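Student: Hi, could you walk me through this model? I'd like to go bit by bit.

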Amino acid sequence: MIQWMNWIATCIKLHQNLSYRATHGDEVEDMLMLLSEVKRQIPSITAVSSGAIASDYQRIRVESVCSRLRLVSLSYLWKQDQSLLLQEMISKRIAAVLVKVAAMGLVPAKHLGKDIAYLQQHLLRLKELYGSNVCGEGGEYESLTLDCPLFTNARIVLDGFEVVLHSPDSIASVGVLHPTAFHLEYKKETPSFGDNRLNEASKELGSIFDVQGDIVLKSEPKCESQSLASDFVSVSDVKLHISKTKHNYTFTMGCCIHDPSEPSEGLQKDLGSILKAIDSELVKNGFGWVNVLYIHLYIADMNEFALANETYVSFITEEKCPFGVPSRSTIELPLLQVGLGKAYVEVLVANDQSKQVLHVQSISCWAPSCIGPYSQATLHKNILYMAGQLGLDPPTMKLCSGGATAEVEQALVNCEAVARSFKCSLASSAILFVVYCSASLSCSEKIEIQHKLENFLEQRRPYNLDNKELSYSSDPMLLYVLAPDLPKSALVEIKPTLYVQEDDEDEEIESGVGTQEPLPRTFSSYWGFEHVPSIESCCQKYVIHEKICMVVLSLSNEDVTKICSESLVAVEKHGQHQYLGTQNHMKQVTRFCIYLLDKILVENYFSWGDIMSLRFYFSTCLDMSFDKLSLIFRDTLNEFAEIGGRIKTGTMP
């Protein structure tokens, strides 16, 4: 024990940024060396538990070590209420004394050496007065544990100590307690710990080992997936479909295997070729994976999820993304049914590196961990892109029981925990919820999911109105998408998008169905859709003046019938005749969507050049291939370009 304490005292911080890269000589590498030796001597160890409560700096470094040693990081105190934690530590008979103080209200001569139970009320008062961290997470104090239930044989007794002043500041003096004498006081009774796993681990550890500083770490065997990226064929050997939408500071790129004449060669080949094509396109535009904000990963068979992840991590790594790995959503879609390969990938790319990424790999009670190169959320230019959340119980990482409604409630709780990390809330800041629902759900379960989501948001609004950090905004848009399968065979996956206001920002927000009074701007009608005004009720929109315009159009069979029949009447009045087969129906629906989107953009002072992404979900019961739909959209956009000149078309869709 003494030797380890001396070893720890010689640690040096060389890499002091919040994010961490392996740096020779840094204290983190010393911890890596120590835990590697522990793992060598106790091969059964699979996880490391740390006491991080609010320190990202500490958590990230522990996660870095665990990731490299293939250990699981456990941080069950993460984001817990510090006042409750302090009370729990005291009630669990943890005897800890302050050995360093460095905060207003903590006086070295008065408070060093005092027990946390004795200081509890004083620490709570300091929280009220100065916003101090009750558990010392802001460096207000350090403590030394003298006794706790884990000390089965003896407790430590300090016989003498001296107080050393490091900084005798009049406002917040920094002082350290230096023990001069201590002894062990053996306990008469050894407490029982149920299955005695702690005692067994102690026997396995045996005596204390001296970890030498010149120990050489054995290189971990390279994961096979790390070499996969170089194994895929060149992009020119595969027929790929790439579409891009450029904006001032972002562009969206979608990529899939498109070769209806040839069967898919398997998920690994398809996804690898797609990621390689995207990688090449990023490099061509002067970017890299470090610029990617969000990734939508669609696969044809969720049973191959593990294989998809293996391929994914061969391209997207923490080393390539020093500012944080992209957030991600993964669902199954019937890609093969429409003539595509076994994977489709869509990426959102920023032309700067101003993103803020939340990537917690530790298992905790806070929210589900993201063990791997995908993060919980990414904030860029006030937009928070949140990863798809399942109804996972964070500490166990298992789907909660109780069916679809229980899963959606837990998923929303998880999303709320992530939002709070960015000082916002689902009820106050959400713009859009995309709710992926398993196709196995019954009609009644789908309705229950909708009610659960609406009630969740409604119940939290009164609280947010009283919270000074959060502000109320209009109703978010809701889009429900049926998917054949979801990760872990979940019934629901929720993907929220939030608008995070800056402190000095006061935006005018407009949302709801398309019944708002339009802004005074001229809009010219075309294609005869001015004769179907009632269909505009299918539109949800969320507009922040000159900043955001998000639109969701949802068309039912009845809407399509009305669009096609009434627009046909308008066309026939001009002496033209059309046969309304399935393909022509889709042509009219596509025209209507573009017409209505154009109308909303014009009325809210946006242009087609402002669009970051245009996503079209369609039912496979249409029995239309990707080829046919692509042709319909391309022809309709070309028509639209000729009509008003408000959109530019080129070789790339």
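Student: Where is Asn-382 placed?
Tutor: Asn-382 is in the loop between strand E13 (377–380) and strand E14 (383–386). Strands (E, at least two residues) and helices (H or I, at least four) are DSSP runs, numbered from the N terminus. The model is predicted, so local features need pLDDT of at least 70 and side-chain atom pairs count only at pLDDT 80 or more, while totals for chains, interfaces and linings use all residues. Residues are numbered from 1 along each chain as its sequence is written, and side-chain values use heavy atoms, with hydrogens and water left out.

Student: What is phi of Asn-382 near?
Tutor: Phi is near 75° for Asn-382, a positive value in a residue other than glycine.

Student: And is Asn-382 buried or exposed?
Tutor: Asn-382 is buried, at a relative accessible area of 16%. Buried means under 20% relative accessible area, exposed over 50%, and partly exposed in between (1.4 Å probe, protein chains only).

Student: Which loop holds Met-397?
Tutor: Met-397 sits in the loop between strand E16 (392–393) and strand E17 (398–399). Its phi is near 60°, again positive in a residue other than glycine.

Student: Switching to strands, how do E5 and E6 pair?
Tutor: E5 (residues 154–167) and E6 (residues 174–186) pair in the antiparallel sense over twelve bridges. Strands count as paired if DSSP finds at least two bridges between them. E5 and E6 form a hairpin, with six residues between them.

Student: Which residue in E6 stands opposite Leu-165?
Tutor: That is Gly-175.

Student: Now helices! At what angle do the axes of H8 and H9 cross?
Tutor: The axes of H8 (residues 267–284) and H9 (residues 305–312) cross at roughly 35° and come within 9 Å. Axes are lines fitted to C-alpha atoms, for helices over the stretch in contact, with angles from 0 to 180 degrees between N-to-C directions.

Student: Which residues make the contact?
Tutor: From H8, they are Leu-267, Gln-268, Leu-271, Gly-272 and Leu-275; from H9, Leu-307, Ala-308, Glu-310, Thr-311 and Tyr-312. Contact means heavy atoms within 4.5 Å.

Student: Last one: how many helices and strands does the chain have?
Tutor: There are 15 helices and 23 strands. Of the chain's 653 residues, 46% count as buried.
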